[in-house]
Amino acid sequence: MRIKSIICIFLLFAQLETWANQPHEIHVATSGKPTNKGTAKAPLSDLPTALAKAKKLKAKYGNRVEIAIVVHEGEYHLSAPIVITPELSGLRIRGEGDVVLKGSAVLPRLEWKPYQNGIFTTKIEGDWDIDQLVANGKVQVLARYPNYDENGGHWQGHAADAIAPERIKGWKQPIGAIVHAMHGYEWGDFHYVITGIKPDGSPELAGGHQNNRPAPMHPKYRMVENVLEELDSPGEWFLDKKARLLYYFPEKHIDLGTARFEAVVLKNLLSLQGSADAPLRNVGVRGIRFEHARRTIMEQYEPLLRSDWTVFRGGAVFITGAENCGVSDCEFTGLGGNAIFVSGYNRNVTLSGNLIHDCGASGICFVGEPAAVRSPSFQYSEFVPAAKMDTEPGPKAPFYPKDCLATDNLIYRTGRLEKQTAGVEIAIAMGITVSHNSIYEVPRAGINIGDGTWGGHLLAFNDVFDTVLESGDHGSFNSWGRDRYWHPDRAVMDSLAAARPDWILLDAQAPTIIRNNRFRCDHGWDVDLDDGSSNYQIFNNLCLHGGLKLREGFYRTVENNIMVNNGFHPHVWFVGSGDVFRKNIVFMPHADILLNAWGKEVDYNLFADEDALQKTRGKGVDAHSVAGNPLFRDAERGDFTVMAGSPAFGVGFANFPMDSFGVKKPALKRLAKSPIIPELLLPKDAANANAPAQWLDYQVKTVSTLGEQSAAGLGEMAGVLVLSVPAGTSSLQKGDVIIVAEGNKIATFSDLQKAQQAVAWTKKISLVVVRNQREQNLVLDIQ
């Protein structure tokens, strides 16, 4: 009998052990109850209850049990963020069907009453702090001036008089109005709240901390919101917090009697939260849509070393202290701030197959902590004196993302509110791979690297275009490298770099590789390595418009790239930079500015026309470079493979794939846009060269007849004749002949196009025109 009992006990434990080692699913459904068992037939009602059950199982069985929380189709409004901590290591959360986690709450039934001019009002009971209002699933527009216009440029509408005293006079309660303004040089943006009115009628402002390059507001690019008197357009709303009155101008399709209204209340929806000492491991989240998170513009921001960024360390999904965790096949939309923020200590975090769009700030951020950096400085003008510099290479502590991956994500329409943002941001990190992402329709860079700490990044097979749409002096890819060796005084920096070359790579220890990407930036450079960016290898990239810029830095090798209709922009180089530019296809002369030297090697390039090559050789470089038609296979359709017989092969150029840019996931590939492929600016035959053409908003042609020359009073048959101008334009007039652009003689329309390409990043072009047989100087807006 005793033996039989022992056998029974043994079998019981064996059965429990077997159960513990089996994957265990906890089910959640909108039809569930918190008291259910969490099975497929008796699901729980919410994620917090499911997590509590998972914790109990983990406490009982430890890592012997694999737990998956299965969330079934439906909307789940969160009252607090979901937080996953190390005791839940190994957890998987997956959505089945259309699963939506929302940081909003449904407003109780509202009793609307007419107010005036199509506006309705209702009393809001309770302490609602409505950050964004959602009507029938669509985020509405906070009352603003000027009104929202999708094609209105910065903030979809801007006005120089947004906070003019004359306008403010018409507001009964200006305090609490929110002001958005671009940086004076369009290097990002600022956000403020009006806290009072000065005796002269101008506003007192609090804020402006969202940018690391202090400057006055831009005089033109301004927008103001949260003002009742500016509520004058369908879709706009305003909340009078004191009176608890909600004002709303419904769009035509909104039935106030049946409409469903939601108020956005949470900043963060999900946190994967561990630490360097106790990391969260092996957690995966898949197949969930994250929707509705509060705007974060007035939260506490911190500078990202000496880059131009300050940042709010947070996002709809926040990941810190994680190892081998991931977020995949999710959607992020309708968010007021960052979508995904990977902060501080993280190792091998993977973000893949996600759709990120219509968000207020950045798409994906990999950002370490300043505590990991040796001798950090935090603003452009700051520096650590040489005598106090920590000269130990590399990081001081492990509090940074390393060996993380962002791949196969579709990111567009981010930065809807904040402009110093990016599709993917990397700062204070090491070994981040960004591959096969499609990124477009963003206000600043598609991909940004804020500093050289600590390099080793790989950017490959990305498709990045329609960038720098609401800012300036930037690129589809942008970087800074104001690392330990860098100094704001150029003379001091020159002497430091010469005396201590071993300091140059104290931070940028491993090369960052940029290869096999397609870039297009119509408002700056396709690739922009700005102040100090060092230790880069850039090859096999297709640049469709803005060319490539290397500002001061060291050890950059640029080879085997194609720069359509543009070329190479070396700015402010060091002596002994070690820079190499070779085996590239370019269309323009090198556009150098303030060079002390031409680097290690600038040679063996193919220029698309002889004139560009000869102008470049006059600078003392490219002795072995050649000129000629590259013979692209099918440039009109985006295939820039060079064919047999191309002179590119003679300088060592090698073809690279033209069909591997951007997302691979079929569902995302069906959604993703592609960049506009430009018409090539190659030397044309005389008939085509002299035909009328469109330039900006003007119809123009190359001066090609004696009659045109005589009518304009030109000394030679050269220049670009303006045939027609749009209504209301006064800068250029019909009959003007453009003879100089940016100091360069203009003989043909092709010359004018090349001059425009060279200064696209400035958004202006200086011209000399002949009008009424007299020369006049003009500056034309080309944005």
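Tutor: Because the model is predicted, local features need pLDDT of at least 70 and side-chain atom pairs count only at pLDDT 80 or more, while totals for chains, interfaces and linings use all residues. Residues are numbered from 1 along each chain as its sequence is written, and side-chain values use heavy atoms, with hydrogens and water left out.

Student: Why is N605 called buried?

Tutor: Buried means under 20% relative accessible area, exposed means over 50%, and partly exposed lies in between, with a 1.4 Å probe and protein chains only. N605 has 0% relative accessibility, and therefore counts as buried. Its place is in the loop between β53 (601-603) and β54 (606-607), where helices (H or I, at least four residues) and strands (E, at least two) are DSSP runs numbered from the N terminus.

Student: What makes the approach of N605 to D622 a polar contact?

Tutor: A polar contact is a pair of N or O atoms within 3.5 Å; within protein, one must be able to donate a hydrogen and the other to accept it, and residues adjacent in sequence count only if both atoms are side-chain atoms. The side chains of N605 and D622 are joined at 2.8 Å, and the side chain of N605 also reaches the backbone nitrogen of K583 at 3.1 Å.

Student: Why does S104 count as buried?

Tutor: S104, which lies in strand β5 (residues 104-106), has 1% relative accessibility, and so it counts as buried. Its side chain is joined to that of E262 by a polar contact of 3.1 Å, and, residues up to four places away in sequence not being counted, S104 touches H77, E262, A263, V264, V265 and H292.

Student: Why is P488 described as partly exposed?

Tutor: The relative accessible area of P488 is 25%, and therefore P488 is partly exposed. P488 sits in the loop between β41 (475-479) and α4, and its C-alpha is 6.6 Å from that of Y380, although the two are 108 residues apart in sequence.

Student: How do you know that the buried residues of α4 line one face of the helix?

Tutor: The buried residues of helix α4 (residues 490-499) are M493, L496 and A497. Seen down the axis, they fall within an arc of 95°, so they line one face of α4; the arc is that of the directions from the helix axis to the C-beta atoms. An α-helix has 3.6 residues a turn, so residues three or four places apart point the same way. The face turned away from the buried side carries the exposed residues A491, A498 and A499. At the start of α4, a side-chain oxygen of D489 reaches to within 2.9 Å of the backbone nitrogen of A491.

Student: What makes β11 and β14 edge strands?

Tutor: Two strands pair if DSSP finds at least two bridges between them. The open sheet has the order β11-β15-β12-β13-β14, with antiparallel pairing, and β11 (144-145) and β14 (203-207) each pair on one side only. Strand β11 pairs with β15 (residues 217-225) over 2 bridges, and Y145 has V224 as its bridge partner.

Student: How many bridges join β59 to β60?

Tutor: Strands β59 (residues 698-702) and β60 (residues 720-724) run antiparallel and are joined by 4 bridges, with Q699 opposite S724.

Notes. Contact = heavy atoms within 4.5 Å.
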